[in-house]
Amino acid sequence: MTHVSSTQEIPEASSMPRHVAIIMDGNGRWAKKRHLPRAAGHKKGVDSVRAMVGACIGRGIEYLTIFAFSSENWRRPEEEVSFLMGLFNSVLEREIGRLHKNGVRLKLIGDLSRFEPRLVELIRHGEALTADNRKLTLTVAANYGGRWDIMQAVNALCREHPQQAGQFTEQDLAPYLAMAYAPEPDLFIRTGGEQRVSNFLLWQLAYTEFYFTDKLWPEFNAQALDAAIVSYRSRERRFGRTSEQLMATADVIAAKAADKPLVQNA
């Protein structure tokens, strides 16, 4: 399926975001506030992921993308990285069946070359088992970076079409990006008080609405998601147009819905 590029065409905007992308920040700080080890925060963060999947399904959101482990997170202490890899294994073993039962399609984006074979096997099994589910597409970004994504896409495109080098367009590159199967995110949420994208979905966030919250990820629940959606609904999604153009378009849509002409005869 080909999805609209927000820099090439004007995508359809609705009051409920179709695709929500989240940087789940603050697990360690949540644990520190409670005098617990960082590992306890990461475990609690898994509960928030589970709750968020249910909240998205309940609100009719079609795509949820979460940043689980960046390509830069390997710089963390070895003990923490090892724990996160083990947690990833156990969560996949425990949750894949539940995701499938609830109609969730699991996708993973990122460079899997640094993962242990058992983890890669679990990922591929989960993707295959849930491939036909359509209630929600849950994408987990692991060992992922936005620059890596763009470069792997460029390299793949050049390998397959070397004769076109120097003449590529956005449309040529788009199918090779890691999230070619999904529309661009409508709403980007980052918890934990930081206000940056941290190399996440650099290509795909071109016209996404940003929402930052001081809530730590283990504290982020359905009510917090609703607050983000309220903020999203207050935005004017112009995609390069003026407010006047947007209002004129809305008038046309309203007139069509009412099945009457815009200008009444005198």
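Me: What percentage of the 266 residues in the chain do buried residues make up?

Reply: Buried residues account for 45% of the 266 residues; the term denotes a relative accessible area under 20%, with exposed over 50% and partly exposed in between (1.4 Å probe, protein chains only). The structure is a predicted model, in which local features need pLDDT of at least 70, side-chain atom pairs count only at pLDDT 80 or more, and totals for chains, interfaces and linings use all residues. Residues are numbered from 1 along each chain as its sequence is written, and side-chain values use heavy atoms, with hydrogens and water left out.

Me: How many helices and strands does the chain have, and what pattern do they follow along the sequence?

Reply: There are eight helices and six strands, where helices (H or I, at least four residues) and strands (E, at least two) are DSSP runs numbered from the N terminus. Of the contacts (heavy atoms within 4.5 Å) with a separation of 6 or more, 76% join residues 24 or more positions apart.

Me: Why is Thr191 called buried?

Reply: Thr191 has 0% relative accessibility and therefore counts as buried. This residue belongs to the loop between S5 and S6. Beyond its neighbours within four places in sequence, Thr191 touches Ile23, Met24, Asp25, Thr213, Lys215, Leu216, Trp217 and Phe220. For Leu216, which is 25 residues away along the chain, the C-alpha separation from Thr191 is 5.5 Å.

Me: What lies 2.7 Å from a polar atom of the Thr191 side chain?

Reply: That atom is the backbone oxygen of Asp25.

Me: What makes Thr208 buried?

Reply: The relative accessible area of Thr208 is 9%, so Thr208 is classed as buried. Thr208 is placed in the loop between strand S5 (187-190) and strand S6 (209-212). A polar atom of its side chain is 2.7 Å from the backbone oxygen of Pro185.

Me: How do you know that the side chains of Glu209 and Arg235 make a polar contact?

Reply: Their distance is 3.2 Å, to be set against the criterion: a pair of N or O atoms within 3.5 Å, where, within protein, one must be able to donate a hydrogen and the other to accept it, and residues adjacent in sequence count only if both atoms are side-chain atoms. Glu209 is part of strand S6 and, at 15% relative accessibility, is buried.

Me: Why is Arg50 called partly exposed?

Reply: Arg50 has a relative accessible area of 29% and is therefore partly exposed. Arg50 sits in helix H2 and, leaving aside neighbours within four places in sequence, is in contact with Arg94, Glu95 and Arg98. Its side chain is joined to that of Glu95 by a polar contact of 2.7 Å.

Me: How many disulfides does a search of the whole structure find?

Reply: The search returns zero disulfides, the criterion being a pair of cysteine sulfur atoms within 2.5 Å. Cys56, at 0% relative accessibility, is buried, whereas Cys158, at 34%, is partly exposed.

Me: What residues make up the lining of the largest pocket, by class?

Reply: The lining divides into 23 nonpolar, ten polar and eleven charged residues; Ala, Val, Leu, Ile, Met, Phe, Trp, Tyr, Cys and Pro count as nonpolar, Asp, Glu, Lys and Arg as charged, and the others, Gly among them, as polar. H3 supplies the largest share of the lining, ten residues. Among the elements that each give at least two residues are helix H1 (27-33), strand S2 (63-70) and strand S4 (136-144).
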